[in-house]
There are 2 protein chains.
Amino acid sequence: MLEVCLLGTGGTVPLPNRWLTSCLLRWKGHSLLVDCGEGTQIALHQHGYSCRHIDTILLTHFHADHTAGLPGLLLTMAKSERTEPVTIYGPKGLEEILRGIMTVARYVPFEIRFREIREREYTFQIDDLKVCAFAVRHSVPCFGYAFDLARGRKFDVTKAEKLNLPKKYWGLLQKEQTVEYEGKTYTPDMVLGEERKGIRLVYTTDTRPVSYIREHAVKADLLIAEGMYGDPEKQEKAEYNKHMTMQESAAIAASAGVKELWFTHYSPSMPNPGIYLDDVKMIFPNAAAASDGQKKELSFED
Amino acid sequence: MLEVCLLGTGGTVPLPNRWLTSCLLRWKGHSLLVDCGEGTQIALHQHGYSCRHIDTILLTHFHADHTAGLPGLLLTMAKSERTEPVTIYGPKGLEEILRGIMTVARYVPFEIRFREIREREYTFQIDDLKVCAFAVRHSVPCFGYAFDLARGRKFDVTKAEKLNLPKKYWGLLQKEQTVEYEGKTYTPDMVLGEERKGIRLVYTTDTRPVSYIREHAVKADLLIAEGMYGDPEKQEKAEYNKHMTMQESAAIAASAGVKELWFTHYSPSMPNPGIYLDDVKMIFPNAAAASDGQKKELSFED
């Protein structure tokens with residue numbers, strides 16, 4: 001199970017009734033935050049989360065509306081007596097940016113590890129969650145993130161019992177390991193069923209609609225994508241400032257065959273993103289104009 | 001007239017229902033901001049102010065809860081199409097701090113001027129407002145600020161008429177300038193009354209109670225001072241972390257003979273600062289536990 005909460009849905013400027021876009025993922029005791037704008041720590045608090053447990057922070061890019069909340073968040077984590085390290089991922093230049101913004105938060109009692117993503121695509125693992133950062137197209141280097149929670153193959157107890165293998169070895173087979181016992185070899189295939197679909201979530205803001213997004217979003221359970229504007233008259237502005245409209249995100253969702261699409265990163269000029277939804281649903285029916293605190297538990301299919 | 005608004009009253013950590021401590025002063029078209037923590041730009045918006053007109057920012061010190069909102073504020077000012085320069089005052093190290101936190105807000109279309117205060121006391125003028133920064137005692141270099149709006153002496157029309165000086169010269173005398181006319185010398189004293197009390201506001205947070213605060217606050221119309229804790233059991237903690245309790249601020253207010261005292265910069269551990277007010281009023285009766293958005297127009301006495 002992967003819990004996802006959109007802590008905020010605003011772009012550019014934080015508003016009294018709309019926090020800046022950021023997203024919290026939780027699974028198996030892990031908390032992962034995507035972006036941290038001014039006020040993100042307050043949004044966490046407001047939506048009932050503790051910042052103490054955030055072990056990973058992914059930055060899409062370095063614009064202030066996605067990063068300026070980091071010093072405050074890390075200091076509040078320090079006050080919560082966190083001692084475990086925090087790992088931050090972001091585009092090239094991450095070290096310099098962190099050194100800069102942390103001039104007002106010099107004393108954090110836990111280790112801050114960082115990994116600058118210099119590749120166009122970079123995949124890494126956090127416990128059983130596979131994370132893929134993929135370059136998108138904004139006015140500065142920017143990444144989208146695809147998250148995959150793999151689902152183990154089904155263990156067939158009847159088949160296992162027929163093997164005459166002591167039960168203490170079953171767990172190894174379930175973990176896809178081969179077992180040698182009394183001169184015989186037991187492989188996972190002997191007791192495990194077909195490959196099963198896991199959970200896929202794709203998150204991308206601050207970009208023009210590039211093919212990489214569609215490629216990563218294929219059959220995703222949830223695509224969270226930028227809906228900076230809904231008014232077709234803002235198309236030119238979106239192109240000029242390298243943002244994505246609701247219509248463009250919906251087209252990606254449709255062609256990638258995702259299950260569900262949430263818009264986020266709304267322009268401050270757009271107080272009611274929902275008014276464009278009827279139009280957008282003509283392109284992709286299962287689209288939602290997400291609001292702050294929108295939450296979902298993504299589960300494996302039956 | 002000097003308008004003062006406490007945009008926030010929280011210390012250390014911004015909370016969903018309490019912005020970080022900062023204060024807006026407005027007079028004669030000027031807007032001056034004291035401190036800018038995470039969320040201060042949202043508080044400005046929420047309380048109905050535009051950040052576009054802020055021409056001066058005073059920083060008490062560089063801890064994140066007083067500074068981390070600067071990149072966001074300056075970027076939002078940029079989006080509001082401000083072109084006039086902004087001047088920032090703060091302790092020694094200001095240039096390095098600004099360079100650091102502005103790594104996520106590199107492109108601001110107006111000039112940012114700054115003045116590092118390296119003196120223990122430094123007085124400067126913004127139009128007709130005299131500002132005095134005075135060093136206080138915190139864990140890092142920190143300043144309190146005293147604001148004086150001078151009141152001109154009263155112009156005595158009856159006396160002026162008797163001088164046989166053309167009316168076009170009256171304004172110069174009112175501005176305390178001497179006039180030479182047809183071989184005669186006219187001095188301001190000929191038409192101006194006694195010196196008159198102006199408006200004095202003193203603002204100080206993040207400090208132990210030092211004598212300088214009392215000296216600057218003598219007969220102030222309003223003292224805005226730290227009330228980090230109200231519970232006497234937190235006295236030791238206040239001393240250790242170099243903060244001031246409500247009782248200590250009240251004692252300063254009483255000995256300086258200020259008219260009114262507002263507490264601010266409350267610990268996040270203190271959700272209801274008002275519960276300590278009965279005790280504190282035994283020390284200084286005209287004390288108030290200010291809340292976010294608390295506002296007053298300080299006017300010259302009749």
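What do β3(B), α1(B) and β4(B) make? In this predicted model, for which local features need pLDDT of at least 70, side-chain atom pairs count only at pLDDT 80 or more, and totals for chains, interfaces and linings use all residues, the three elements make a right-handed β-α-β unit. Residues are numbered from 1 along each chain as its sequence is written, while chains are lettered from A and ligands numbered from 1 in the order in which they are written. Helices (H or I, at least four residues) and strands (E, at least two) are DSSP runs numbered from the N terminus, and a crossover is right-handed if, with the strands pointing away from the viewer, the path from the first strand over the helix to the second runs clockwise.

Within chain B, strands β3 (residues 30-34) and β2 (residues 22-27) pair in the antiparallel sense over five bridges, pairing being assigned where DSSP finds at least two bridges between two strands. These two strands form a hairpin with two residues between them, and B:Lys28 in the turn has a positive phi of about 45°. On its other listed pairing, β3(B) runs parallel to β4(B) (residues 54-58), to which four bridges join it. B:Ser31 of β3(B) is the bridge partner of B:Arg26 and also stands opposite B:Ile54 in β4(B).

The loop between β3 and α1 of chain B contains B:Asp35, which counts as buried because it has 28 C-beta neighbours inside 10 Å; the criterion is 20 or more other C-beta atoms within 10 Å, with 12 or fewer for exposed, partly exposed in between, and C-beta atoms placed from the backbone. Leaving aside neighbours within four places in sequence, B:Asp35 is in contact (C-beta atoms, placed from the backbone, within 7 Å) with B:Thr21, B:Ser22, B:Leu59, B:Thr60 and B:His66. Its C-alpha atom is separated by 8.7 Å from that of B:Gly69, 34 residues apart along the chain.

Across the interface, 28 residues of chain B are in contact with 28 residues of chain A, and the largest share of the chain B side, five residues, comes from α3(B). Since 100% of the interface residues of chain B are also interface residues in chain A, the copies meet through the same surface.

Technical notes: Two residues are in contact if their C-beta atoms, placed from the backbone, lie within 7 Å.
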